[in-house]
Each structure stands twice: as structure tokens, then as C-alpha cells.
Amino acid sequence: MRSSEPIIHIDPELCTGCRRCAAVCPVDAIIGEPGRPQEVDAHRCVICGQCVQICTAYAPDHLEPADGLKAKRLQRGQLPSVREPLFAAYSTGQALGVKRALADSALYKVVQCAPAIRVSLAEEFGLPLGTLTPGKMAAALRRLKFDRIYDTNFGADVTIMEEGTELIGRVMSGERLPMFTSCCPAWVKHAETAAPELLDHLSSCKSPMQMVGALVKTYGAKQDGVDPAKIYSVAVMPCTCKEFECSREEMEVDGLREVDVVITTRELAHLIKDAGIDFMNLPDESFDSPLGLYSGAGSIFGVTGGVMEAAIRTGYELVTHETIPNLQLDFVRGEEGLRTATVQLGELELKVAVVAGLKYVSAILNQVKAGQCPYHFIEVMGCPEGCVSGGGQPKLLLETMRKSAYQARKSSVYRHDSHQQVRKSHENPAIIKLYKDFLGEPLGHVPHHLLHTTYQSREKAVSPISAGREGGRI
């Protein structure tokens, strides 16, 4: 798939024109009159998939079980074995291609999983909301015939090493502040569209997914003794925009795509069911090393404020050379909206902001444009409560389930972090070895080649969006 191809669609045969999708779209990309089929402005769309999550219009009875449904599933990239309603709003799937690749013995199949997958995948198999199943997930991926089971959490730890170093450098020099995080592809696409003059304010770090992709085909290939050209790199993400991200032309390493294809949480569940794997009774298995070993800081990237919390854990110790007194930073945790805080790192007073939900970022963008933004570091996540609420997560059929699902998934993420022996990225032994043996210093020549990127201006076509509320201060 090319990055220019639309990923989010609304089926005009199924759309009732209720415009619930328009109500949740943070960038006004849903176009249409009430009571008539809606359309997606692909240029303005940030591919967050919140319209896919909220849509309740589905295929009527006259399409079942005839060829109509089969044709629509094929058009959407779904496996023929999928048995679930076809909703009007949908994202193009990649499960068919992944199933074919898994059967190709000439390929070396590598998979990575985002932090938020392990707290939501089990919902597709009837387990309670937010059930934590990293071990069953690893076992299922191994039975799907992946050769290596790696983890995006490892890339999150690398991101903290690179992004944290970049932030400290910018704060000390006073240049290009505030610095925005760049992990969320929906936020990056929105920045390229709505505020291209501010792109220098984004961290140059690739997302954790792309960092793992780059390392899989360099460091990982060397570790496994595999020709990088033979590696088929799959990422399982809670996000419908990640397929767009991996297909961006910048996301190559030495002429190879870093991540070949992205599937969502729902698509992984479809593949597991299609293969007849008894997920509920799988034993817990481990991720493979070295790119599957992560800290608690890497795991909290799946929730709003997680990148900020992980960065502060490491930044505090790099600046003060002292152990951070408390690893649970409640002042950056929370729900949808804008939260702010001032953090004392030795003699450095760091002002930070966390934006959860893209509709809350416009006020800050306007402040930066006016040269009046008081913050040094700003985390932005496109979805309401971070990746746990992503457009590729299990669909919540009842609106009343939404709040409890987000809370349950977040609680599991934090519990997973609290149970890790290592909870700071810079203390992850696999990260220390990676820099010692392969990368050298953060922001050095090799990391710059593999782990950093550039952005591109896109045509401005975004309507004003609402301002967020100000949060607390410590």
C-alpha cells in the first residue's frame, strides 16, 4: 500500500447518515448531510479510526449470506472466515496478505506488538475488558508461524534514550522549544497539515514501531544471521494510522522497508481464529531476545501521559545523577483533555503538557505560533486516551462500555509496568547492550541514520478545532 491511498472509508450502501462519525472526528474530515451517506476527506483525515469505533450502521439482512457480504469482506481486506457485522465505517485491512506471507517458507517472518495490544486482544476471545495476556499473545504469534516475536515496547525504550537526549539538548540550548513528541502518526500527519511551519518543533525520533522495524533489519538480522532482504516485518498495532506511517517513503533502512505491513488488534484476533488456535488455553510464552525485552517505562507508552512519564523517569536521572524518588507520576496520568505540570529536575524547571485527543491541541499550536507557549515538552496523542482507545482496538458495541473499557485497559497497562523488574528505559539491559555493541551514543551517527526522520509540509485544509482545558501544576 502507498501512503497516498485512503485507509479509512465509509460504505455508502450501509451509511445511514447519522453523523456520529462526524461528532468524534477531531479534524472535521467527515463530509455529508444528515440522513445521507457520509464521505471521508482523505487529505484532512488523520486516520485515527475513531469513526470506525463509533459507527453502528451495519450490513442489512438482504446482504446475508449472499455474495454481497463476501465481496465486501474481500474489498475490505478481511479474511473470508471472519464472522462479525460489517459496519459502514471501516479501515482497509492487511490480514489476507499477512496470512499468505506466513505460508511462505522463503521469508523470515518477524512480528512486533504495541504496548496496548496485550491489554485488549483477549477481549476478542470473550475475556473481561482490559485482561492482560502478553504470554498468550506471544504463544499465539509463535503458532501463527512467526520466526521471531519482538516487542514495540523495546522500541519505546530506545525512543526514550533518543528523545530524552534530544530534549535535554534543546532545553540547554533553548532552541526549537517546545519540543513535541512524534510517536503518534495521526498527530504527525495533523501537524504536517495544520501547522507545517512548526515541524521543527517535533522530535526527529521515529516512532517506537519504526525504530524496531529499522533495528529488525539491521541489528536483529545480524543477531539472527539472516539476510535483511528475506525479512518480512509485521507490526500489530491498536492504531489504524500505523499502516500509513509504515508506508511513508521516509521509512526505509538501507533500501528496505522498515515495517512491511501493519495489522490491527482486531486483525490479529481474526488471524488467530482463522488458524484455529485455542487462545484461551494457550500457555504463557516469552518474547524473543534481544528486541523483545523491555522495561515498565516502555509498556506505559500505551496510555495517555505514558511517553511523558517514561521520559521524566529517565530525564530526571540523566540530569540530576540521582535516583528518581517516585516512579508513579500521577500528575501526567489522566483522561481525555489537556494536562500541564512543572517538574523540578535538579536546578532545571521543566514545564510539560500532555494532550490526549487531537481536538485539544489547537490552543497549544496557536500559542507556539504566537511565540507564547510556556512549555518545554509536549506529548500529543491523537486518540481520546492514548493507544488503549485506538481505532484498531476491539470494537465496543455499546457506548456505555467505552469508559469502563478505557479504564480497565489503562489499569492493566499500569499494573504491567508495576510488575516489571526494570521500570526505567536506560536501565533495560538489552538497551544498554544495544548501545554498547551497535548504536554507540544516543543521537550519534548510527542512531541518526536508523532512528531519526524528517517531516513534510502538507496542504493546509483543516478547520479550527476547539481548545482544551488547562490541567494542574505540581
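Which side chain meets that of Asp-274 in a salt bridge? The partner is Lys-99, with an N to O distance of 2.9 Å.

## Basis of the model

This is a predicted model, in which local features need pLDDT of at least 70 and side-chain atom pairs count only at pLDDT 80 or more, while totals for chains, interfaces and linings use all residues. Residues are numbered from 1 along each chain as its sequence is written, and side-chain values use heavy atoms, with hydrogens and water left out.

## Salt bridges

A salt bridge is a side-chain nitrogen of Lys or Arg within 4 Å of a carboxyl oxygen of Asp or Glu; by this rule the count is 36. Asp-274 in helix H10 (residues 265-274) and Lys-99 in helix H4 (residues 95-102) are 175 residues apart and link distant parts of the chain. Helices are DSSP runs (H or I, at least four residues), numbered from the N terminus.

Asp-274 is partly exposed at 24% relative accessible area, and Lys-99 is partly exposed at 40%. Buried means under 20%, exposed over 50% and partly exposed in between (1.4 Å probe, protein chains only). Within helix H14 (residues 399-418), Glu-399 and Arg-402 lie 3 residues apart, about one turn of the helix. Their closest N and O atoms are 3.1 Å apart in a salt bridge; Glu-399 is partly exposed at 42%, whereas Arg-402 is buried at 11%.

Lys-217 lies in helix H8 (residues 208-224) and counts as buried because its relative accessibility is 5%. Leaving aside neighbours within four places in sequence, its contacts (heavy atoms within 4.5 Å) include Glu-258 and Asp-260.

Note on methods: Helices (H or I, at least four residues) and strands (E, at least two) are DSSP runs, numbered from the N terminus.
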